[in-house]
Amino acid sequence: LGVIVSILTLLIPLAGIIAAVILIVLIFRGSRIPVEDVQGRKRVNRWFWILGVFVAAVFVFLTFA
């Protein structure tokens with residue numbers, strides 16, 4: 001169990017950093033999607049929220065860990 005916790009302690013911050021980078025890319029790409037492309041906007045919006053919640057969860061975990 002201790003090995004799993006130590007691996008998680010290494011991987012979760014790394015995953016948070018990767019997710020934050022993807023989030024920044026999504027913000028820039030989302031701002032360039034034309035207004036007419038409603039489906040594209042919805043798709044980017046969904047991923048934006050999923051990654052946003054994940055990044056927030058990672059930072060909350062790091063704060064209390």
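I started by counting the secondary structure: the chain has two helices and zero strands. Next I checked how spread out the chain is. Its radius of gyration is 15 Å, well over the 11 Å that the globule rule gives for 65 residues, so the chain is more spread out than a compact globule. I'm keeping in mind that this is a predicted model.

**Dimensions.** I looked up the span of the C-alpha trace along its principal axes and got about 50 × 20 × 15 Å.

How much of the chain counts as buried? I found 17% of the 65 residues. For the surface, I noted that the chain exposes about 5300 Å². Carbon and sulfur atoms supply 77% of that area.

**Nonpolar patch.** Then I went looking for patches. V3, I7, L10, L11, L14, I18 and I22 make a nonpolar surface patch of about 670 Å². Is I7 buried or partly exposed? I7 has a relative accessible area of 43%, so I wrote it down as partly exposed.

**Positive patch.** Which residues form the positive surface patch? I listed R29, R32, R43 and R46. I followed up on R29, which is placed in helix α1, and that helix covers residues 2-31. R29 has 54% relative accessibility, so I marked R29 as exposed. The cut-off I used is that exposed means over 50%.

Notes. Residues are numbered from 1 along each chain as its sequence is written. This is a predicted model: local features need pLDDT of at least 70, side-chain atom pairs count only at pLDDT 80 or more; totals for chains, interfaces and linings use all residues. Side-chain values use heavy atoms; hydrogens and water are left out. Patches are made of residues with over 30% relative accessible area and no salt bridge: like charges are joined within 9 Å, nonpolar side chains (Val, Leu, Ile, Met, Phe, Trp, Tyr) within 5 Å. Accessible areas come from the Shrake-Rupley method with a 1.4 Å probe; for residues, only the protein chains shown count as cover. A salt bridge is a side-chain nitrogen of Lys or Arg within 4 Å of a carboxyl oxygen of Asp or Glu. Lys and Arg count as positive and Asp and Glu as negative; His and the chain ends are not counted. The place of a charge is taken as NZ of Lys, CZ of Arg, CG of Asp or CD of Glu. Helices (H or I, at least four residues) and strands (E, at least two) are DSSP runs, numbered from the N terminus. Buried means under 20% relative accessible area, exposed over 50%, partly exposed in between (1.4 Å probe, protein chains only). The radius of gyration is taken over C-alpha atoms; the globule rule is 2.2 Å times the number of residues to the power 0.38.
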